[in-house]
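Morning, everyone. I've got one model to walk through today, so let me put it up on the screen.

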Amino acid sequence: MGKIICKENVGEIIDAKKEGKKIILCHGVFDLVHPGHIIHFEEAKKLGDILVVSITAAAYVRKGPGRPYFNDEMRLKFLSAIACIDYVMLSESYTVDDIIETVEPDLYVKGEEYAKPEDDITGKIQEEIDLVRKHGGDIAYTTGQVFSSTRLINHALPALTDEVREFAADFSQRYSLEDIKSLTERMNDLKVLVVGDTIMDEYLYCNVQGLMTKDRGYSARYQYAEQYLGGTLAVARHLASFCDQVTLMSIVGMEEAVHSRILGELSNKMRVDMTYSSVFETIVKRRYVSLNEKREEVDKIFAVNNLPTPMCIDRESLDKFKTKLRNQLPQYDAVILCDFGHGLVDREVMDMIQEHAKFLALNCQTNSSNYGKNLITKYKRADVFSLDQKELGLAFSDYHQGEEELLLRLSGHFGSRGWLTQGSRGATSVESQKLVPCPAFTLKVKDTIGAGDAFFALASLSAAAGAPMEVGAFMGNIAGALAANIVGNKDAIEKVNVLKYANTLLNI
């Protein structure tokens, strides 16, 4: 029976190596141990003397929300009960680099499905092989029958809802993982311009103590604060994970801390072309929140913003922005327009983009500061559009028509395609007056802020790359599910995570 050890306690393995014994390393998630794993481990053990098996810690597993199904302790325990395994370890990284550098295996053993590095979704297998060889080891492959833990979990355990399983079974009849990978390769070739309002999201974490004794407000103890790149900045970050040629255009104030954050986090991933205003103050939306640590959910208490009244940007800065925009618009394959209704996109900017964008993806948002004043129907053109249920209802203010009728009506208004995001219900695509629903892929949520922006980013990029609308909804719902499990816009949606989640859903 194998021993569960930590990286700081590998003395026995090192001593065995010094005695000339051959160290074998196998690595994976091993969420559900099945016959294929047993065969893999037994074949690996025959190649040497000491078999070490490591697993990826749950925090670094990228198969979508709810995975791994079993926690670190349970997965380590499963493996330690297998007779041919000598040691079991936890890798606290997205790759196995930390274990390779600690154990320095003579052979790193993978299944035959990894024999072609180009088929690896993560793109990291060759780097792992190179690191093993750097430490004097080599790679080997087992040839036993290949099973899929993901498929077994999808069918045997409640990891996916019945609705998602039924959708995935149908969707996978028409599209494969290779189709999705091919789509992401086409995305990478696009030259994309992102235009919209710059927003800094600030989360102030508090411990709510109760109501004030003499007033009706909350009393809370301040804990700490974090600031994230929101609005158009967040959308651009998502896009840059899939596309090498992203340009971001917006207006910001003169705050040095804001400039430092934007340039520090974005400039190495995209071209940042900001117009700086000495009058306009960068928009900051502060949310006072409480973290429910048991459920890992963020509860919003109240919000404060610094939006100007009236909501407009000074003429000099706006004119500079328009001049740059007018000159650059024709250079791009697609324009992703994020109209948050905070002053950047006036009538002239709207008309300019509608007239000159080769492909226009539109998201026109409603929020508490522009309620009823920033309707998507003020636009006359969009090649694709995305909006939520409230925004659709406000667009026509018709109490006699349901969502489906209103979505068809909006599609007719533009003469184009689009998506309606519906929270826990997922999203509905409209194309050629046909509606196609796509369920939400997870109901496990940390924070919904930014989920709609992530959906819009990836669904729009899919459409710009020529994907059918149902594929755009599939990609958008993956992005939304991943974003709903990121606090605020703390992190961008990564290509590898999307592909791994797509593989989980298509492995049905």
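Predicted model: local features only at pLDDT ≥ 70, side-chain atom pairs only at ≥ 80, totals over all residues.

Residues are numbered from 1 along each chain as its sequence is written, and side-chain values use heavy atoms, with hydrogens and water left out. Helices (H or I, at least four residues) and strands (E, at least two) are DSSP runs, numbered from the N terminus.

Okay, helix packing. Two packed helices are described by the angle between their axes and the distance between the axes. Axes here are lines fitted to C-alpha atoms, for helices over the stretch in contact, and angles run from 0 to 180 degrees between N-to-C directions. Under 35 degrees counts as roughly parallel, over 145 as roughly antiparallel, 65 to 115 as roughly perpendicular, and the rest as oblique.

So, how do α11 and α12 cross? The axes of α11, residues 315-328, and α12, residues 347-356, come within 11 Å and cross at roughly 5°, so the two helices are roughly parallel to each other. On the α11 side, the contact (heavy atoms within 4.5 Å) is made by F321, K322, L325 and R326, and on the α12 side by E348, V349, M352 and I353. By class, that's five nonpolar, no polar and three charged residues. For the classes, Ala, Val, Leu, Ile, Met, Phe, Trp, Tyr, Cys and Pro are nonpolar, Asp, Glu, Lys and Arg are charged, and the others, Gly among them, are polar.

Staying with α12: its buried residues are V349, M350, M352, I353 and Q354. Buried means under 20% relative accessible area, exposed over 50%, and partly exposed in between, with a 1.4 Å probe and protein chains only. The cover over those buried residues includes β7 (191-196), α11, β14 (334-339) and β15 (360-364). And at the N-terminal end, D346 caps α12, with a side-chain oxygen 3.2 Å from the backbone nitrogen of E348.

The second pair looks like this. Helix α8, residues 177-188, packs on α16, residues 469-483, at an angle of about 90° with the axes 12 Å apart, which makes α8 roughly perpendicular to α16. I180, L183, T184 and M187 in α8 meet V471, F474 and M475 in α16. That contact has six nonpolar, one polar and no charged residues.

Next, H238, which sits in helix α9, residues 232-240. Is H238 buried or exposed? Buried, with a relative accessible area of 5%. Leaving aside neighbours within four places in sequence, H238 touches D453, A454, A457, N489, D491, A492 and I493.

The T309 to P310 peptide bond is cis, with omega near 0°, and P310 lies in the loop between β13 (297-305) and α11. Then there's the loop between β18 (427-431) and β19 (434-438), which holds S432. S432 isn't a glycine, yet its phi is positive, about 55°, and at 69% relative accessibility it counts as exposed. Q433 is in the loop between β18 and β19 too, with a positive phi near 60°.

Last, how many disulfides? Zero, taking a disulfide as a pair of cysteine sulfur atoms within 2.5 Å. For C84, the closest cysteine sulfur is in C26, 8.5 Å away and too far for a bond. C84 is buried at 14% relative accessible area, and C438 is buried at 3%.

That's my tour, thanks.

Methods:
Polar contact = N/O pair within 3.5 Å; in protein donor to acceptor, adjacent residues only side chain to side chain.
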